[in-house]
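Here are my notes on the model, point by point. Please read them with the structure open.

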Amino acid sequence: MTLTLLPANEIRYDVGNSLFPTGSRRFDLTEFEARFGSSIPLENNADLEALLSRIEQAGVHGRGGAHFPSAVKIRSAILAGAGGTVIANAAEGEPSAAKDAALWQTNPHLVLRGLAAVGALTQAKSLGVWVHEDSYSTRSSMAGAFKERAAAEIDRLPLRAYLAPHRYVSGEASAIINAVQGGSAVPKFFPTKSRAWGEGNAPVLVFNSETLAHIGLLASSLNWAPLESTLVTLLTLNGRYVREVSSDTTFAELLEPSDPAEHVLLGGYGGQWVNWQDIAHSRVHEASLAGQGLSLGAGIVAPLPNSHCGLIETSRIVEWMASQSAQQCGPCIFGLQWLAEDIQALAAGGRKVIGALDRLNDRLPQLMKRGACSHPDGVVRMTNTALEVFASEISLHRKNKCSASSTQPFFPTESEIHAV
Amino acid sequence: MNTDQAVSTRAVVSSLLLGLVFATSVILVALSVAQASQADTFVWILGRSSGITALIMLWAASVLGLLVSHPNSHGWTWMQFVTRLRLHIGFSVFAILITIVHLVSLALDQFVDVGWAGALIPMASNWERIPVTFGVLSFYGMLLVAVTASLANSAIFRRSWLWLHRISLLFFVMAFGHGMLTGSDTDALFFGYVIAGVFVFILAIWRYRKPSIRRKRKEYVRDTKPRIIEESR
């Protein structure tokens with residue numbers, strides 16, 4: 001396997017797999033079509049039905065964290081009626097995530113092919129890409145791809161770029177639906193829990209970029225076998241490293257042995273802390289992880305370097321997550337601030353640790369499933385697992401000790417993936 | 001079951017029981033004072049003492065209420081949120097029970113001309129008409145605030161209870177005015193009234209001076225409007 005380090009950019013790509021064919025630069029339309037072929041015909045109902053059943057058979061599912069089966073989502077959208085907007089979500093709110101950016105910066109045409117295919121399947125009236133306005137590398141790659149598609153007159157539907165403010169929750173599906181329907185990128189509670197489509201006359205369907213890339217593969221004329229692979233962002237001390245991982249890879253194979261870790265944060269800032277022993281021989285595969293009660297979330301794997309303290313890092317993450325609240329629901333506005341302060345007390349150590357633990361045990365269950373979006377739920381889940389996994393570290397902190405040797409922060413709290 | 005509901009139901013029931021015990025003891029104390037003074041003053045003493053007690057309870061409920069929802073309160077470790085809330089509910093229920101004792105005793109009392117009408121209907125008292133009306137109105141206000149708050153989880157009051165709860169500070173001011181203007185002990189308690197009033201005033205300013213969540217929320221909504229770039233097809 002070859003690794004390429006991009007100049008002025010922290011993301012490293014895994015070259016040689018199907019989703020990242022070129023490595024450090026963008027695949028233009030000619031190169032893309034040479035490798036993936038043209039789009040399969042999507043003219044009549046038989047074509048569409050064939051594609052939909054291929055999506056179903058391949059088991060394509062959402063890659064934003066909820067892992068909802070895409071075929072079910074598309075079918076429910078078809079039932080909801082024509083005339084909607086399909087959105088490719090290219091906004092990664094989490095500073096440690098980079099897989100969608102990697103995809104957009106190297107192979108945007110694959111995602112756009114998937115987007116166009118879902119547009120055709122659902123008889124949408126327009127397509128859109130939701131991207132952070134300060135993700136300049138992603139945007140420039142995207143704009144190049146848009147131009148090439150326009151010149152080749154590929155798209156029959158209008159294509160828009162929605163430039164979103166860089167906030168953690170502005171990439172949440174209901175926030176995107178809200179914004180595309182003319183509002184702001186604020187999560188909204190839909191009583192029917194129909195996460196696929198917004199309500200009203202202009203339905204909006206949101207897909208993760210990686211999901212669309214998989215659909216794009218299925219919609220390509222060169223015969224690609226259905227991929228059982230996942231894009232994983234590995235967070236290391238040297239930066240983020242995006243890899244396409246086949247479903248039989250284990251975590252031990254994924255992580256470099258030169259970087260030993262006892263604890264791993266799976267799924268990012270709203271994910272779970274796990275002991276390395278528990279997952280070392282598990283496969284990097286959502287369905288098999290689900291059996292262990294674990295999830296890859298949005299595909300982030302962050303082995304905590306042994307030089308760093310899990311409690312201090314957790315405290316920094318929770319503080320940052322609290323600052324990202326949409327200022328909408330009580331559990332998020334107040335609850336996350338409470339959590340942040342109590343975990344800060346754990347990280348600071350000393351005699352305040354006991355009181356903080358009591359308060360955490362009291363408050364953590366009260367914050368679950370209360371908000372319009374699941375932003376607080378993720379933080380609560382991450383905190384709960386941190387309390388379990390770092391139990392021995394907590395007792396150390398109580399005695400004013402700490403196992404860490406480094407005071408440098410490990411987890412990024414500002415996104416720097418848009419450098420070029 | 002919802003945790004909030006569990007807290008408030010338990011707090012209401014236990015404070016009702018405690019409040020009954022407390023009200024009975026106020027009545028017993030008034031009875032013994034009246035017997036000691038060897039005159040038929042039991043009802044009058046009961047009316048005065050229950051009035052002052054109710055005011056102190058209401059003051060405590062208001063102070064706790066301002067502390068429950070204070071924007072800084074998430075950082076406080078000296079008293080848990082749940083404790084503040086339970087105390088707030090407890091004092092409020094006490095205040096209403098003792099006010100009922102106060103109201104009934106002054107309706108029965110012959111010493112001043114208030115009567116049942118004056119005690120229950122605004123502007124119906126022959127004695128100190130306007131100050132008594134303040135008291136009557138603040139009693140109804142307290143009842144309204146308490147009933148809507150205890151039904152805050154119901155569909156009917158989900159939106160309105162908090163709004164009513166905010167104007168409860170007005171009912172506190174009315175009850176305070178009622179106490180100062182009608183109470184026959186005002187001269188003796190004057191400084192107590194002033195200190196207690198100024199305390200709540202300062203606390204209310206401290207509570208409401210903070211930027212509201214509504215404003216932060218408006219800013220967030222304003223800042224998260226997407227820009228849309230139309231691409232040619």
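1. The contact between the chains draws 20 residues from chain B and 30 residues from chain A; two residues are in contact if their C-beta atoms, placed from the backbone, lie within 7 Å. On the chain B side, α9 (213-223) and β1 (227-231) each supply at least two residues, and α9(B) gives the largest share, 6 residues. That side of chain B divides into 6 nonpolar, 6 polar and 8 charged residues (Ala, Val, Leu, Ile, Met, Phe, Trp, Tyr, Cys and Pro count as nonpolar, Asp, Glu, Lys and Arg as charged, and the others, Gly among them, as polar).

2. The model is predicted: local features need pLDDT of at least 70 and side-chain atom pairs count only at pLDDT 80 or more, while totals for chains, interfaces and linings use all residues. Residues are numbered from 1 along each chain as its sequence is written, and chains are lettered from A and ligands numbered from 1 in the order in which they are written.

3. Chain A contains 16 helices and 11 strands (DSSP runs numbered from the N terminus, helices being H or I of at least four residues and strands E of at least two). Of its 420 residues, 52% count as buried, that is, with 20 or more other C-beta atoms within 10 Å of their own. Among contacts in chain A with a separation of 6 or more, 74% join residues 24 or more positions apart.

4. Leu127(A) lies in strand β4 (residues 126-132) of chain A. It counts as buried because it has 23 C-beta neighbours inside 10 Å. Beyond its neighbours within four places in sequence, Leu127(A) touches Val86(A), Leu115(A), Ala116(A), Gly119(A), Leu157(A) and Leu159(A).

5. Buried residues of α6(A) include Met142(A), Phe146(A) and Arg149(A). After α6(A) comes Glu153(A), with a positive phi near 50°.

6. In chain B, helix α2 (residues 42-68) and helix α8 (residues 186-208) pack at about 20°, their axes 10 Å apart (axes are lines fitted to C-alpha atoms over the stretch in contact, and angles run from 0 to 180 degrees between N-to-C directions). That makes α2(B) roughly parallel to α8(B), the term for angles under 35 degrees. Trp59(B), Ser62(B), Val63(B) and Leu66(B) of α2(B) meet α8(B) residues including Val200(B) and Arg207(B).

Terms used. Parallel < 35°, antiparallel > 145°, perpendicular 65-115°, else oblique. Buried ≥ 20, exposed ≤ 12 C-beta atoms within 10 Å, placed from the backbone.
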